[in-house]
Amino acid sequence: MTVVLETIDLAKRFSGIIAANNISLQIAKGARHALIGPNGAGKTTLINLLTGVLRPTGGRILLDGEDITNLPTHKRVRLGIVRTFQINQLFSELTPLETIGLAVSERRGQGLDWWRIVGSRSDLVTEVVEILERFHLTDVIDKRTAVLPYGKQRLLEIAVAIACRPRVLLLDEPAAGVPEDERHEILAAVAALPNDVSVLLIEHDMDIVFSFADRISVLVNGALFVEGSPEEVANDARVKAVYLGEEAVDA
Amino acid sequence: MTPPPSTIRAATEWLSARARWHPLEIVFWLAAFAAIYLLPDSHLILTEIAWLGLFALSLDLILGYAGIISLGHAAFFGFGAYTAALLAKHEIINEPVLALLVAGFAAMALGFVTSFLVLRGSDLTRLMVTLGVALLLRELANRYGWLTGGADGLQGVIIKPVLGMFRFDMFGHTGYIYCLTVLFFLFLIARRLVNSPFGLSLMSVKGNPLRSSAIGISVDARLVAIYTVAAGYAGIAGALLAQTTAFASLEVFSFDRSADLLLVLIIGGAGYLYGGLIGAIIFKFMQDYLSVLTPQYWPFWIGLVLVVIVLVGRDRITSWTAPFRRVAARLNWQALARRVAASSTERH
């Protein structure tokens with residue numbers, strides 16, 4: 001197993017509250033890794049630590065063995081750590097075409113080109129359209145993101161991340177809030193992610209978790225609680241206890 | 001699974017749609033240049049409009065495109081004005097265009113240094129910080145009177161002919177042609193810039209800095225870059241004032257100037273480049289008209305106009321002209337939308 005992303009004793013304290021308690025997590029190359037846990041367990045905090053939105057109060061983060069603990073978000077993205085957001089973070093005034101075009105041009109390091117008209121690189125446009133097709137966004141290519149149906153916005157959320165060519169993709173509840181009839185589109189998109197991309201999925205919906213993941217980590221109160229294959233986790237008495245709300249059993 | 005060429009073509013046109021020249025834009029600039037021949041008696045006020053328009057364009061670059069609000073943009077305007085005036089007075093650079101460039105670069109340097117102050121914080125913080133910087137410069141200019149002339153202003157400035165050929169005259173003929181040419185040239189650069197990948201990234205930073213950094217954009221670096229460019233524009237606007245009036249005084253740094261500038265941009269609407277220019281035209285003619293009508297109380301009417309504008313565009317003062325612009329955009333883009341639709345049906 002080749003480890004792509006690794007945390008060593010990663011900790012985050014917010015004045016008295018321990019949001020991440022010495023988490024040591026390894027994400028394998030090409031993994032389909034799920035991170036589950038009750039509300040407030042610190043799942044999103046962990047994503048924020050991994051992406052550099054938050055700075056840890058202790059511990060280290062390694063990408064391919066290189067320490068990236070103190071790199072700012074945008075540099076980590078360039079190295080291939082890309083995320084999606086639980087609550088849509090999109091450019092409401094831009095179209096999907098512009099949004100993906102922006103992500104692709106930034107990835108190529110052409111974001112500082114100020115004397116070139118947007119859309120004047122044909123290979124870039126081709127790549128952008130390919131991504132939009134892959135995520136079924138061609139029919140709304142020209143609409144402002146703000147007016148897109150919610151399901152389309154969720155797709156765009158993932159498409160933007162893919163446009164950054166992630167090596168490790170952190171999916172924060174990709175199907176959150178999506179109506180039942182639009183759900184399959186999101187799930188199909190998640191299932192169709194390229195094999196060489198390692199994925200860390202945060203999800204509450206156990207059907208999605210168990211159909212997707214080949215490895216599951218359970219986070220409780222900011223600490224890694226149990227980790228294993230889906231079978232191991234499903235059969236773990238302590239996990240059942242947590243999910244039945246009987247945390248006292250094991251404590 | 002390469003997409004069909006028709007879709008690619010449509011997408012290309014869509015992406016570059018913002019950059020296409022609208023007929024109204026061409027009319028606007030033709031009218032501005034026609035005024036050289038058609039309105040010879042108004043060249044003095046038109047000169048003022050030209051440099052004010054450039055100054056407002058500068059504010060639009062940071063406010064309309066990058067979301068940085070400033071109540072101290074006069075800092076760069078004043079810095080450029082004094083630079084140009086001092087260069088001429090001490091005969092360091094006698095040719096106005098060259099002096100203009102130097103003044104612009106000097107203001108850019110100041111913009112770069114102070115840009116780090118506006119990176120963090122809310123709009124309110126930025127208002128206070130920019131205001132503070134302008135006040136600071138004003139007091140420095142006041143304190144070092146041996147250099148700046150202090151409260152009396154910088155006297156005895158003589159501006160040599162532009163390019164060694166065109167002498168400034170008291171009717172503003174040369175001044176207007178000079179200012180308009182500079183404005184047009186810098187407008188073209190700004191227009192190119194905002195329609196580039198860099199410009200798109202600015203809009204993304206303004207719209208959602210969190211996501212911008214999540215796609216690999218260094219938000220701070222982009223803000224520093226545009227703030228520096230805008231400071232250069234403001235400096236050149238100030239230099240134009242100094243050169244066309246052969247004078248610079250503490251008033252170039254004044255709070256009123258920064259506040260009026262915000263007003264000018266709000267009147268015209270931010271975020272489409274023409275707002276500052278249109279705002280400058282309306283503001284100057286309104287000021288001119290009202291100050292004749294009621295010499296003492298004309299600011300009252302300007303205040304009233306401001307209140308009305310803000311109430312009309314209730315949710316966002318920066319874009320009260322957005323509905324009009326959207327209509328114009330739709331007219332322009334409907335044909336493209338149909339083409340995109342056609343290309344996607346032809347595939348299925």
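Q: OK. In which sense do β3 and β8 of chain A pair?

A: Parallel. Strand β3(A), residues 32-36, and strand β8(A), residues 198-202, pair over 4 bridges. In β8(A), A:Val199 is the bridge partner of A:Arg32.

Q: Before I go on, what are the ground rules here?

A: This is a predicted model: local features need pLDDT of at least 70, side-chain atom pairs count only at pLDDT 80 or more, and totals for chains, interfaces and linings use all residues. Residues are numbered from 1 along each chain as its sequence is written, while chains are lettered from A and ligands numbered from 1 in the order in which they are written.

Q: And what pLDDT does chain A average?

A: It averages 91, and 97% of the residues score at least 70. pLDDT is the predictor's confidence in each residue, from 0 to 100.

Q: Where does it stay under 50?

A: Over residues 247-251 of chain A. The model has 5 contacts for that stretch beyond four places in sequence. Contact needs C-beta atoms, placed from the backbone, within 7 Å.

Q: Back to the sheet. What's the strand order?

A: β6-β7-β8-β3-β9-β10 of chain A, an open sheet of 6 strands with mixed pairing. The edge strands are β6 (81-83) and β10 (223-228), and each pairs on one side only. Twist averages 20° from one strand to the next.

Q: Now the interface. How many residues of chain A are in contact with chain B?

A: 43, against 33 residues of chain B.

Q: Which element gives the largest share on the chain A side?

A: α3(A), with 8 residues. The chain A side divides into 18 nonpolar, 13 polar and 12 charged. Ala, Val, Leu, Ile, Met, Phe, Trp, Tyr, Cys and Pro count as nonpolar, Asp, Glu, Lys and Arg as charged, and the others, Gly among them, as polar.

Q: At what angle does α3(A) cross α1(B)?

A: Roughly 85°, and the axes come within 10 Å. So α3(A) is roughly perpendicular to α1(B); that label covers 65 to 115 degrees. Axes are lines fitted to C-alpha atoms, for helices over the stretch in contact, with angles from 0 to 180 degrees between N-to-C directions.

Q: Which residues make that contact?

A: A:Leu97, A:Glu98 and A:Gly101 of α3(A), with B:Ala11, B:Trp14 and B:Leu15 of α1(B).

Definitions and conventions
Two residues are in contact if their C-beta atoms, placed from the backbone, lie within 7 Å. Helices (H or I, at least four residues) and strands (E, at least two) are DSSP runs, numbered from the N terminus. Two strands pair if DSSP finds at least two bridges between them. Angles under 35 degrees count as roughly parallel, over 145 as roughly antiparallel, 65 to 115 as roughly perpendicular and the rest as oblique.
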